[in-house]
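Me: I have a chain open on my screen and some questions about it. Can you walk me through?

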Amino acid sequence: MTDTQQITPAAAGRSRLRPASRHSPLPVLMCGTFMIVLDFFIVNVALPSMQADLHASASAIEWVVAGYGLTCAVLLIAAGRLGDLYGRRLAFAAGLAVFVVASAACGFAPSAGVLIAARIVQGIGAALVSPNVLSIIGVAFPGPARVRAITIYGLVLGLAAAGGQLIGGVLIQADFLGLAWRTVFLINVPVGLVALALTWRQVPESRAGQPAAVPGRRGLDVTGMILIILGLSALVLPLIEGVNLHWPAWTWASLAAAPVLLAAFAAHELRQARRGRAALLDLALLRQRALAAGLATQLVFWCGQASLFLVLALYLQAGRGLDPLQAGLVFSVMAGAYLIASLRAPALTVRYGRSLAAAGALILAAGHGALLLVIAGLGVGGSVLWLAPGLLLVGGGMGLCLTALNTSVLAHATPQTAGAISGAVSTTQQVGNALGVAVTGVIFFGALRGGYGHAMVLSLAELAALLVTVAALTRLLPRTRAAG
């Protein structure tokens with residue numbers, strides 16, 4: 001089998017991945033995943049020193065975070081489709097290469113403007129990596145191996161998110177060669193280069209395998225790509241900038257244009273499908289209950305993840321006065337619970353299916369409630385150890401819920417649909433993160449006049465409500481359990 005031939009799950013298991021113990025692609029894929037997720041969260045603890053060193057404004061520093069997330073979110077579906085057409089391994093490797101170069105540019109940025117531009121390029125690299133990781137997993141790991149691979153994927157996501165604060169704190173505290181905050185970006189360069197070198201040896205190539213004999217089916221849907229980028233940008237951009245700019249007229253106009261653009265995208269995709277032409281996203285996939293319900297549940301779930309890490313980091317550092325390392329150690333409590341829960345999640349997912357996702361969401365909501373009660377009583381005072389029970393529940397619930405949700409969506413992916421489904425999942429996660437940060441940011445920053453404790457209490461109440469909604473939405477997921 002050549003690299004340009006289609007790989008079915010069975011064929012991948014027989015030929016490419018038979019010596020999995022020696023040449024499994026999973027370590028390389030997870031290395032790429034860890035880096036791109038880590039870079040979304042690690043900057044939280046670096047923002048104060050970054051702002052002081054570059055003499056950056058508050059809005060410029062916010063764009064260091066937003067530029068990365070927004071670029072990644074709007075390009076994910078297109079990136080997944082590019083992998084389908086031209087090779088998923090090729091797209092993954094290209095994403096790694098772009099990410100490494102952009103990380104070096106971030107690390108040596110002489111000004112806030114250069115840093116923001118480099119972060120946007122990082123987002124392009126992350127967009128190429130993320131959906132193609134899921135596509136390769138969906139194609140290369142059949143049956144029970146897929147459940148294990150998805151579990152490891154979820155484990156890496158959570159550890160990168162929760163552990164990012166600790167890793168960032170350690171790197172800044174170490175101040176290697178006097179580079180301070182710059183090390184949070186430069187660390188990606190050697191790691192990324194090693195992953196890139198191993199990609200060609202350990203990751204199998206696959207494509208969607210569309211028949212070349214069908215006219216027009218092999219091309220890239222450029223019009224669809226432009227419409228989805230414009231639609232998601234019109235939705236996410238004003239939500240990020242609205243609070244800082246006090247919601248000028250253009251933000252409302254942009255929000256009004258977003259559903260029009262997204263509707264135009266849907267209509268265009270349906271026309272493409274009727275005419276037998278290449279479509280960026282096959283909307284017929286949304287007729288599958290597993291995918292439609294899974295994406296809706298994931299959207300609400302991810303609205304509460306990045307936003308929690310952001311407001312908790314602000315509460316710990318700006319409110320309680322912890323340094324980056326101390327704040328990172330607090331987050332490590334959550335990361336430890338996440339690790340333990342994720343190790344148990346595969347067997348529990350096979351046994352309980354969608355019920356595990358509901359239970360995980362409710363445990364996560366209980367953790368938010370526990371944190372709310374402690375902070376309502378202590379404000380920004382008292383020992384941080386009082387936060388530990390709530391953080392343990394948050395980490396444990398996240399580990400259980402995330403594995404079950406990812407499995408519910410990806411379990412039915414085929415070589416033909418892997419790119420489209422993976423792109424939709426990754427886009428849902430990133431858009432959820434952006435929406436969540438925007439909405440929770442409105443609540444948190446609007447309540448700061450009452451102090452960091454008050455702002456954190458209101459934010460936790462909103463996040464707990466989101467998780468109760470997630471638990472309710474899991475009832476829409478199919479009853480079918482993961483193959484064991």
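**Helix H16 and beyond**

Reply: Let's start with Ala376, which is exposed, because its relative accessible area is 52%. Ala376 sits in helix H16. Bear in mind that this is a predicted model.

Me: Which residue has its C-alpha 6.8 Å from that of Ala376?
Reply: Gly453. Along the chain, Ala376 and Gly453 are 77 residues apart.

Me: What about Leu373, buried or exposed?
Reply: Exposed, since Leu373 has a relative accessibility of 64%. Leu373 is also in helix H16, which covers residues 354–378.

Me: How far is the C-alpha of Leu373 from that of Gly390?
Reply: The separation is 9.4 Å. In sequence, Leu373 and Gly390 are 17 residues apart.

Me: Switching to salt bridges. How many are there?
Reply: Three. One of them joins the side chains of Arg119 and Asp39, at 3.4 Å from N to O.

Me: Where do Arg119 and Asp39 lie?
Reply: Arg119 is in helix H7, residues 112–140, and Asp39 is in helix H3, residues 26–41. The pair therefore ties together parts that are 80 residues apart in sequence.

Me: Are Arg119 and Asp39 buried or exposed, then?
Reply: Arg119 is buried, and Asp39 is buried too.

Me: Why would side chains like that pair at all?
Reply: Side chains of opposite charge can pair when their charged atoms come close.

Me: OK. Which residue does Arg182 bridge to?
Reply: Asp53. The N to O distance between the Arg182 and Asp53 side chains is 3.5 Å. Arg182 is in the loop between H8 and H9, while Asp53 is in helix H4, residues 43–54, so this bridge ties together parts that are 129 residues apart in sequence.

Me: Why does Arg182 count as buried?
Reply: Because its relative accessibility is 15%, and the cut-off for buried is under 20%.

Me: What about the bridge with Asp84?
Reply: Asp84 meets Arg88, with 2.7 Å from N to O. Asp84 is buried, and so is Arg88.

Me: Back to that loop between H8 and H9. Which residue there has a positive phi of about 55°?
Reply: Leu177, although it is not a glycine. Leu177 lies in the loop between helix H8, residues 144–174, and helix H9, residues 183–186.

Me: Is Leu177 buried or exposed?
Reply: Exposed, because its relative accessible area is 70%.

Me: And Ala180, what is its phi?
Reply: Positive, at about 50°. Ala180 is not a glycine either. Ala180 is found in the loop between H8 and H9. With 22% relative accessibility, Ala180 counts as partly exposed.

Me: Surface next. Which residues gather in the patch of positive charge?
Reply: Arg271, Arg274, Arg275 and Arg277.

Me: Where is Arg277?
Reply: In the loop between helix H12, residues 249–274, and helix H13, residues 289–302. Arg277 is partly exposed, since its relative accessibility is 41%.

Me: How far is Leu255 from Pro238?
Reply: They are 6.9 Å apart in space, C-alpha to C-alpha. In sequence, Leu255 and Pro238 are 17 residues apart.

Me: Which residues make the nonpolar surface patch?
Reply: Tyr86, Leu90 and Trp200. The patch comes to about 320 Å². Leu90 is in helix H6, residues 88–107. Leu90 is partly exposed, with a relative accessible area of 41%.

Me: Cys303 and Cys401: what relative accessibility do they have?
Reply: Cys303 has a relative accessible area of 13%, so it is buried. Cys401 is at 0%, and therefore counts as buried.

How values were computed
Residues numbered from 1 in each chain as written. Heavy atoms only, no water. Patch = residues over 30% accessible without salt bridge, like charges linked within 9 Å, V, L, I, M, F, W, Y side chains within 5 Å. Areas by Shrake-Rupley, 256 points an atom, 1.4 Å probe, with all protein chains shown as cover. Salt bridge = Lys/Arg side-chain N within 4 Å of Asp/Glu carboxyl O. Lys, Arg positive; Asp, Glu negative; His and termini not counted. Charge placed at Lys NZ, Arg CZ, Asp CG, Glu CD. Helix = DSSP H or I, 4+ residues; strand = E, 2+ residues; numbered from the N terminus. Buried < 20%, exposed > 50% of the residue type's maximum accessible area, 1.4 Å probe, protein only.
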